Amino acid sequence: KVDDLESLTVLNHHFVKDNKTAYLERRPIAGSDGKTFELISDHYAKDSKKYYYCTPVDGQYEIKTITCHYESFVVIDYQYAKDNNSVFYDGIKLSDAESSTFELISFGYAKDNQHVYFRNVKVLNADPTSFNTFTENEYSMGETVYAKDKKGIYINDKHFAAADVSTFKIMNGKYTMDKNGVYYQMKKVKNADPLSFKVFPHFMGDADAEDKNHKYGEGKVVE
């Protein structure tokens with residue numbers, strides 16, 4: 001039920017407000033101030049007292065209040081935000097992140113002076129100074145993202161210990177290679193020939209490949 005029908009204003013397909021309250025999909029947002037409520041982006045909103053994070057969950061939008069320092073709060077991108085004291089991911093405080101030095105890298109990675117993060121997970125032992133992502137991530141169709149620092153290769157938040165940094169090459173979202181061999185999702189493809197190994201285009205499936213000796217599906221030889 002709308003408190004003040006006369007002042008009802010439609011903000012987008014999901015949000016409306018009146019002079020008393022804001023509403024998400026016809027449900028009143030508890031504690032909201034309708035008169036000052038405004039959308040910042042697809043995920044962030046604010047009123048004169050609070051910041052909010054909104055996200056779809058199981059086909060229905062949900063909203064939560066962000067516990068932050070209101071005056072210094074800024075939205076960085078669609079998931080990250082920060083205030084003078086903390087960094088937030090999806091509206092939840094990111095443990096140990098240093099607000100004053102926090103910055104985005106790309107493809108879901110971010111860093112501060114001490115740590116690297118993939119989304120809301122700390123990338124253990126990664127070096128913030130030398131950490132960077134691969135441009136090939138632009139062509140990935142999946143959830144796999146590749147990065148490196150002076151010490152090693154990383155896939156999402158995991159260190160790819162077997163990979164050689166200087167010769168590492170991305171073939172597609174699932175297959176990679178270095179001087180030591182070919183890998184499928186961090187697992188070595190047995191008996192694969194790196195010199196003749198090639199993957200099939202996306203429309204034929206990221207999991208399919210071949211070399212001069214075999215055809216492969218999901219990193220395994222197929223007949």
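**Strands, pockets and charges**

Mentor: Start with the open sheet of 4 strands, ordered β1-β2-β3-β4 with antiparallel pairing. Strands here are DSSP runs of E, at least two residues long, numbered from the N terminus. Two strands pair if DSSP finds at least two bridges between them.

Trainee: Which strands stand at the edges?

Mentor: β1 (9-10) and β4 (27-28). Each has a single partner strand, so one side of each is left without a neighbour in the sheet.

Trainee: And how many bridges join β2 to β3?

Mentor: Strand β2 (residues 15-17) and strand β3 (residues 22-24) run antiparallel, joined by 3 bridges. K17 stands opposite A22 in β3.

Trainee: Before we go on, what kind of model is this?

Mentor: It is a predicted model: local features need pLDDT of at least 70, side-chain atom pairs count only at pLDDT 80 or more, and totals for chains, interfaces and linings use all residues. Residues are numbered from 1 along each chain as its sequence is written, and side-chain values use heavy atoms, with hydrogens and water left out.

Trainee: OK, jump to β22. Are its faces covered or open?

Mentor: Both faces of β22 (residues 175-178) are covered. Y175 and M177 are buried on one side, T176 and D178 on the other. Buried means under 20% relative accessible area, exposed over 50%, and partly exposed in between, with a 1.4 Å probe and protein chains only.

Trainee: What does β22 pair with on the β21 side?

Mentor: Strand β21 (residues 169-170) pairs with β22 in the antiparallel sense over 2 bridges. K169 stands opposite M177. The hairpin from β21 to β22 goes through 4 residues.

Trainee: And how many bridges join β22 to β23?

Mentor: There are 4 bridges between β22 and strand β23 (residues 181-184), and the two run antiparallel. T176 stands opposite Y183 in β23. A hairpin through 2 residues joins β22 to β23.

Trainee: Changing topic. How many disulfides does a search of the whole structure find?

Mentor: It finds 0. The cut-off is a pair of cysteine sulfur atoms within 2.5 Å.

Trainee: Now pockets. What volume does the largest pocket have?

Mentor: About 180 Å³. A pocket is an open set of points on a 1 Å grid over the protein atoms alone, where a 1.4 Å probe fits, with protein on both sides within 12 Å along at least five of seven lines. Lining residues have an atom within 4 Å of a point. The volume is the space filled by probe spheres set on the points, with grid points joined across faces, edges and corners.

Trainee: Which lining residues lie nearest its centre?

Mentor: Y78, Q79, F107, G108 and R119, out of 13 lining residues. The lining of this largest pocket divides into 8 nonpolar, 3 polar and 2 charged. Ala, Val, Leu, Ile, Met, Phe, Trp, Tyr, Cys and Pro count as nonpolar, Asp, Glu, Lys and Arg as charged, and the others, Gly among them, as polar.

Trainee: What about the second largest pocket, how much space lies in it?

Mentor: About 150 Å³. Its lining divides into 2 nonpolar, 2 polar and 5 charged. Lining residues of this second pocket include Y184, K187, E218 and K220.

Trainee: Last topic. How many salt bridges does the structure hold?

Mentor: It holds 6. Each is a side-chain nitrogen of Lys or Arg within 4 Å of a carboxyl oxygen of Asp or Glu. One of them joins R27 and E25, with the closest N and O atoms 3.7 Å apart. R27 is partly exposed at 33% relative accessible area, and E25 is partly exposed at 27%.

Trainee: Which residues are joined into one network?

Mentor: Take the pairs in turn. E210 forms a salt bridge with K198, with the closest N and O atoms 3.5 Å apart. That pair links distant parts of the chain, 12 residues apart: E210 is in strand β26 (residues 208-210) and K198 in strand β25 (residues 198-199). K215 also forms a salt bridge with E210, at 2.7 Å between the closest N and O atoms. Shared partners join K198, E210 and K215 into one network.

Trainee: Is E210 buried or exposed?

Mentor: E210 is buried, at 16% relative accessible area. K198 is partly exposed at 46%, and K215 is partly exposed at 46%.
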